[in-house]
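Subject: Structure handover and findings

Dear colleague,

Please find below the structure that I am handing over to you.

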Amino acid sequence: MLRRLDKIRFRGHKRDDFLDLVESPNASDTECGDEIPVKIPRTLPRDSEELRDPAGPGTLIMAAGVQDFNRTEFDRLNEIKGHLEIALLEKHFLQEELRKLREETNSEMLRQELDRERQRRMELEQKVQEMLKARTEEQTAQQPPKGQAQVNHGADRQSQGLCPRLQRWLHEKFGEYAEDFRFQPEESTVETEEPLSARRLTENMRRLKRGAKPVTSFMKNLSALSDWYSVYTSAIAFTVYMNAVWRGWAIPMFLFLAILRLSLNYLIARGWRIQWSIVPEVSEVVEPPKEDLTVSEKFQLVLDVAQKAQNLFGKTADILEKIKNLFMWVQPETTQKLYVALWAAFLASCFFPYRLLGLAVGLYAGIKFFLIDFIFKRCPRLRAKYDTPYIVWRSLPTDPQLKERSGASVSRRLQAATSRSYVSSAPAGLSRDEDAGRFHGTKKGNFHEIFNLTENERPLAVCENGWRCCLINRDRKMPTDYIRNGVLYVTENYLCFESSKSGSSKRNKVIKLVDITDIQKYKVLSVLPGSGMGIAVSTPSTQKPLVFGAMVHRDEAFETIFSQYVKMTAAAASGSDS
């Protein structure tokens, strides 16, 4: 046993001496001519202890196999890395070839266009040659006989010498002007539309505002003159205008004012600081344009622009429709006044001199602008009675107003006919209130029958026709029961929702106002800007609040429901206290 232990110790010492000999700088390999150092990794003491196995030298072979396996894995990784580099290089070369191919395709297109132009030029040259041949044939056909040609030969030489010179001189003097009068087919140009961009949209809005600023400031100054904002300025302007009209200098005065305005603009462009305005200008803070906008900010920007465009288009449409209806005899009593005024102006222009007419029109315009309008603006009741242009303009209807009037007249006729037919068939002892309650109904029938309520339950006057909305019941899991479209009504004691789908009354919803525990405004989609278009109503019978969403008149409905809810809860509380 002791001999075996000594052998194992001797082998371990022998192996350590061999490793020290290999790693030492005084090894025999360094003394030779080979200058390449050979580094063999030395195992740590812990590794050496692990490698020492009393079972024999098989552990060394096993460690060498592990090292070989690690080397093969490292070689595989290097190989994969090389394949990746090759793939990246191939991708780069393919991209370069694709770019070159695209450039070559563009050059091919240019070559094709060039060939087409050459073909067109050749066709035009052939047509010109054919026309020249036809002219030469006509000239040869119209040549005189030989005897006459000899007689006129001397005169032809003189004419041939003068005509080219005259043509050359005319072409040099008037050739450019003749080219300007040559007719050419009009080219149809198609403007390219820019894609929708939030930054471009804000920039265009600011450009429009800056471009319209001179016009708006001019209108403000005219309004300030008429309102006598500055008494001294308005008095001076009134005196100068009336004197110019009396002496017949109105047109020269306006021309002089235009020249003066251009002169001031020239000085301002040169760097002079000249600011003359009756109304003091208010400097607005200009926000710098944002580079990156969020989805909510872009949506809000689109809504703001759409609202401004809607209001602007609405005002323009109202003006144009009123002018159209004025000339189309839509309102005969208004158009009749214009008709009489035009006849009076025509007869006056036929019998009175233009100087007298200009004086009368100028004096009336000055008195109307500086005095009459000032009085009418300060006294609205006088304006509503005696300002004829204002009365005529206000009385002119627009197309939507005409539709409303025609619809109201038709509904009145139908109501009168139904009331007459019902009065003839109703019992004698039925009162008017009972009549209204009996025949007040929704689209599907009487109101109290649809919701199974008493006959005295009717919608309030504010919501007589109801508010269109959708009921979102988050306690239900079925899609058909989760969202329902319909109309919401408020009675004295109930909140009633009538579903738009045909079916039983189970799809309708009736909530007692006293049973409501909470009511508040609700925003269905948090992504959209604003405060939302919904109302959330909480009751003890529902786990989650019922939401009435997509209401256009949400604020009006909320105020009506909340006021009636407060009224009923206060009445119930006072009744319980008593």
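The notes below go from the overall picture to individual residues.

This is a predicted model, in which local features need a pLDDT of at least 70, side-chain atom pairs count only at pLDDT 80 or more, and totals for chains, interfaces and linings use all residues. Residues are numbered from 1 along each chain as its sequence is written, and side-chain values use heavy atoms, with hydrogens and water left out.

Overall picture

Of its 578 residues, 17% count as buried. Here, buried means under 20% relative accessible area, exposed means over 50%, and partly exposed lies in between, with a 1.4 Å probe and protein chains only. The accessible surface comes to about 47,500 Å², and carbon and sulfur atoms account for 59% of that; the areas come from the Shrake-Rupley method with a 1.4 Å probe, and for residues only the protein chains shown count as cover. Among contacts between residues at least 6 apart in sequence, 52% join residues at least 24 apart, a contact being heavy atoms within 4.5 Å.

Confidence

The average pLDDT of the protein is 75, and 69% of the residues score at least 70; pLDDT is the predictor's confidence in each residue, from 0 to 100. Confidence is highest in helix 8 (residues 231-247), at a mean of 93, and lowest in helix 16 (residues 432-439), at 38. Over residues 1-55 the pLDDT is below 50, and this stretch has 20 contacts in the model beyond near neighbours in sequence. The pLDDT is also below 50 over residues 421-444, a stretch with 28 contacts beyond near neighbours in sequence.

Aromatic residues

A search of the whole structure finds 10 aromatic pairs. Rings of Phe, Tyr and Trp (its six-membered ring) pair if their centres lie within 6.5 Å; planes under 30 degrees apart count as stacked, over 60 as edge-to-face and the rest as tilted.

One of the pairs is edge-to-face: the ring centres of Trp343 and Phe346 are 5.9 Å apart, with their planes at 85°. Both residues lie in helix 11 (residues 332-351), 3 residues apart, about one turn of the helix. Trp343 is partly exposed, at a relative accessible area of 45%, and Phe346 is partly exposed, also at 45%.

A tilted pair is formed by Phe562 and Tyr565, whose ring centres are 6.4 Å apart and whose planes are at 45°. These two belong to helix 19 (residues 554-577) and are 3 residues apart, about one turn of the helix. Phe562 is partly exposed at 36% relative accessible area, whereas Tyr565 counts as buried at 13%.

Arg383 lies over the face of Tyr390, at 4.2 Å from the ring centre; the rule for a charge over a ring is NZ of Lys or CZ of Arg within 6 Å of the ring centre and within 35 degrees of the ring normal.

Leaving aside residues up to four places away in sequence, Gln564 touches Leu460, Val490, Thr491, Glu492 and Leu513. Thr334, in helix 11, is buried with a relative accessible area of 5%. With the sequence neighbours up to four places away again not counted, Thr334 touches Leu326, Val392, Ser395 and Leu396.

The count of disulfides comes to 0, a disulfide being a pair of cysteine sulfur atoms within 2.5 Å. Cys463 is in no disulfide, and the nearest cysteine sulfur, that of Cys496, is 9.2 Å away. Cys463 counts as buried at 1% relative accessibility, while Cys350 is partly exposed at 47%.

Backbone

Most residues other than glycine have a negative phi, and most peptide bonds are trans. Trp228, although not a glycine, has a positive phi of about 55°; its place is in the loop between helix 7 (198-227) and helix 8. Asn452, likewise not a glycine, has a positive phi of about 60°. Asn452 lies in the loop between helix 17 (447-450) and strand 1 (467-472) and is exposed, with a relative accessible area of 63%.

Yours sincerely

Methods
Helices (H or I, at least four residues) and strands (E, at least two) are DSSP runs, numbered from the N terminus.
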